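Open the model in your viewer and keep the sequence panel beside it. The stops below are given in the order in which to select them.

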Amino acid sequence: MRILQLSCHLSLNCVHVTNDNITTPHNTNNMDSVAAELMDLLHTANNHEDVVKCYSGIAETFDKIQEALAYVGAKNGVKKCLEIGEVPKTARILDIGAGTGIVGEMLQSMGYENLDALDGCQELLEKSRERNCYRNLFCSFVVPDAELPVEKKAYDLVVMPGVVYPAHILPTAFGQVIKVVKKGGLISWDMMVGQPEAYQKDIGVMFREENFEKYVNSYVDEGLWELVGKYDITFVERPSASLNENAVCYIMRVLK
Ligand SMILES: C[S@@+](CC[C@H](N)C(=O)[O-])C[C@H]1O[C@@H](n2cnc3c(N)ncnc32)[C@H](O)[C@@H]1O
């Protein structure tokens, strides 16, 4: 119930900030508070339905909120993976948790054209369609016990930018992601390190470093993937109470 009420409030703010005066200091301050409010909301979300309600309420201003959060972790993580993995321009890439397509647009500008998007929030996917960078859009949650609605063993690379997070994609769902990647293909994601607020709550327990590594290694033990590397990246250009400055980018190679 709280989620629903606050979503409405965010939507009202969105109407206010999408006017032509968006760049005025007054509105910029407003956007900062909308961004902070979104993070508070996400920290109280307990399930995917709550999370999607948060995101669908802010579809129109999502990009401005990302800017207000100074969030660069998604792009930095994907760039690191392309560099380390020497990913060819012909690679078939699935952007999971694609949101409004910010990462797809970056990939397209770098010469990658064989791109698909998957996200649990239809409203954000519709915004990503406007960017014209994806061939196929799939609306689906990534969850541990349901297969993804995409071709199996089809992708050279899956990126999950800004979506491996409490109440978003859990490490227990990685097995479903592995199923859609070719043998020898890569999976990459960025995530905050240290003790960000979201990891301190019960819902964030599996993201604390000692626990998270156990989940990643359980797929190593099954022979499903291996670690290519874990790289430090900048997560936000302006640290806040909600978001740590530092993050890591994981790059895994699928073995089967
Ligand atoms: C913080 S946004 C990141 C969006 C985009 N990757 C970017 O960096 O701009 C998280 C996105 O993941 C989606 N999402 C959250 N949990 C998901 C899940 N379990 N399966 C699929 N998408 C999910 C949300 O709808 C939202 O679009």
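**Whole chain**

This is a predicted model, in which local features need pLDDT of at least 70, side-chain atom pairs count only at pLDDT 80 or more, and totals for chains, interfaces and linings use all residues. Residues are numbered from 1 along each chain as its sequence is written.

Colour by pLDDT, the predictor's confidence in each residue, from 0 to 100. The mean for the chain is 87, and 89% of its residues reach 70 or more. Select residues 1-28: pLDDT stays under 50 there, and the model has 37 contacts beyond four places in sequence for this stretch. A contact means that the C-beta atoms of two residues, placed from the backbone, lie within 7 Å.

Switch to a cartoon. The chain has 10 helices and 7 strands; these are DSSP runs (helices H or I, at least four residues; strands E, at least two), numbered from the N terminus. Of the contacts with a separation of 6 or more, 72% join residues 24 or more positions apart. Buried residues make up 41% of the 256 residues. A residue is buried if 20 or more other C-beta atoms lie within 10 Å of its own, exposed if 12 or fewer, and partly exposed in between, with C-beta atoms placed from the backbone.

**Helix α5**

Select residues 73-85, which form α5. Its buried residues are G73, A74, G77, V78, K80, C81 and L82. They pack against α6, β4 (155-160), β5 (181-192), β6 (225-234) and β7 (246-254).

Now pick K80, which lies in α5. Is K80 buried or exposed? K80 counts as buried because it has 20 C-beta neighbours inside 10 Å. Leaving out residues up to four places away in sequence, K80 touches Y231, I233 and C249. Draw a C-alpha to C-alpha distance from K80 to D232: the two are 152 residues apart in sequence and 9.5 Å apart in space.

**Strand β5**

Select β5 next. Of its 12 residues, 9 are buried, so the strand is largely enclosed by the rest of the structure. Strands pair if DSSP finds at least two bridges between them. β5 pairs with β4 in the parallel sense over 5 bridges, and with β7 in the antiparallel sense over 7 bridges. Zoom in on I187 in β5, the bridge partner of V158. The partner of I187 in β7 is M252.

**Two loop residues**

Pick E86, in the loop between α5 and β1 (93-96). Its phi is near 45°, a positive value in a residue other than glycine. With 6 C-beta neighbours inside 10 Å, E86 counts as exposed.

Finish at A167, in the loop between β4 and α8 (174-178). A167 is not a glycine, yet has a positive phi of about 65°. A167 has 20 C-beta neighbours inside 10 Å and therefore counts as buried.

Note on methods. The expected span of a helix is 1.5 Å times one less than its number of residues.
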